[in-house]
Amino acid sequence: MYMVYWTETTQGTSAPHAKEFGSDDMRAAMHFMETLRTRQRAGEGVCFVALSSENPHSVGHAGVAETGPDYQWKKRRS
């Protein structure tokens, strides 16, 4: 799934917005973002245009996990 987030500012008031796109619709999400950026370049109050994705078939949990006691990572260079 893809989400496009952006903020619109009108008369000094900012309002956040979001639009959802299906997992197989990245092209539409990118096209929508370009439409928002075109409005931004034209001087409209559009800012903070961002795309976020989440894979529903991901293995494991998102985020940082703790390592086990057998994990011995060392910096290669000092």
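This is a predicted model: local features need pLDDT of at least 70, side-chain atom pairs count only at pLDDT 80 or more; totals for chains, interfaces and linings use all residues.
Residues are numbered from 1 along each chain as its sequence is written, and side-chain values use heavy atoms, with hydrogens and water left out.

**View 1. The sheet, with strand order β2-β1-β3.**
The strands shown here, like the helices in later views, are DSSP runs numbered from the N terminus (strands: E, at least two residues; helices: H or I, at least four). Three strands form an open sheet with antiparallel pairing, and two strands count as paired if DSSP finds at least two bridges between them. Because β2 and β3 stand at the edges, each with a single partner strand, one side of each is left without a neighbour in the sheet. Neighbouring strands are turned by 15 degrees against each other on average, direction ignored, with axes taken as lines fitted to C-alpha atoms (for helices, over the stretch in contact) and angles running from 0 to 180 degrees between N-to-C directions.

**View 2. The pairings of β1 with β2 and with β3.**
Nine bridges join β1 to β2, and among the facing residues Trp 6 has His 17 in β2 as its bridge partner, while Tyr 5 stands opposite Ala 18 in β2. Six bridges join β1 to β3; here the bridge partner of Glu 8 is Val 46 in β3, and Tyr 2 stands opposite Ser 53 in β3.

**View 3. Helix α1 and its buried face.**
The 16 residues of α1 should span 22 Å at 1.5 Å a residue, and the end C-alpha atoms are 22 Å apart, which agrees; the expected span is 1.5 Å times one less than the number of residues. Ala 29, Phe 32, Met 33 and Leu 36 of α1 are buried. Seen down the axis of α1, the buried residues fall within an arc of 100 degrees, so they line one face of the helix, the arc being that of the directions from the helix axis to the C-beta atoms. On the other side of α1, Arg 27, His 31 and Arg 41 are exposed. Just after the helix, Gly 43 takes a positive phi of about 100 degrees.

**View 4. The largest nonpolar core, with ten residues.**
A nonpolar core is a set of buried Ala, Val, Leu, Ile, Met, Phe, Trp, Tyr and Cys residues joined through side-chain atoms within 4.5 Å. The largest one here includes Tyr 2, Val 4, Trp 6, Phe 21 and Val 49. The elements that give two or more residues to this core are β1 (2-10), α1 (26-41) and β3 (46-53), and α1 gives the most, with four residues. The helix lies across β1, β2 and β3, running at about 170 degrees to β3. Leaving aside neighbours within four places in sequence, Leu 36 is in contact (heavy atoms within 4.5 Å) with Val 4, Trp 6, Val 46 and Val 49. In soluble globular proteins, nonpolar side chains tend to be buried together.

**View 5. Positive phi at Gln 11 and Phe 48.**
Most residues other than glycine have a negative phi. Gln 11, although not a glycine, has a positive phi of about 50 degrees; this residue lies in the loop between β1 and β2, and Gln 11 is exposed, with a relative accessible area of 81%. Phe 48, also not a glycine, has a positive phi of about 55 degrees, but the place of Phe 48 is in strand β3. Thr 7, found in strand β1, counts as buried at 16% relative accessibility, and the residues that Thr 7 touches, not counting those up to four places away in sequence, include Pro 16, Gly 45, Cys 47 and Phe 48.

Definitions and conventions:
Buried means under 20% relative accessible area, exposed over 50%, partly exposed in between (1.4 Å probe, protein chains only).
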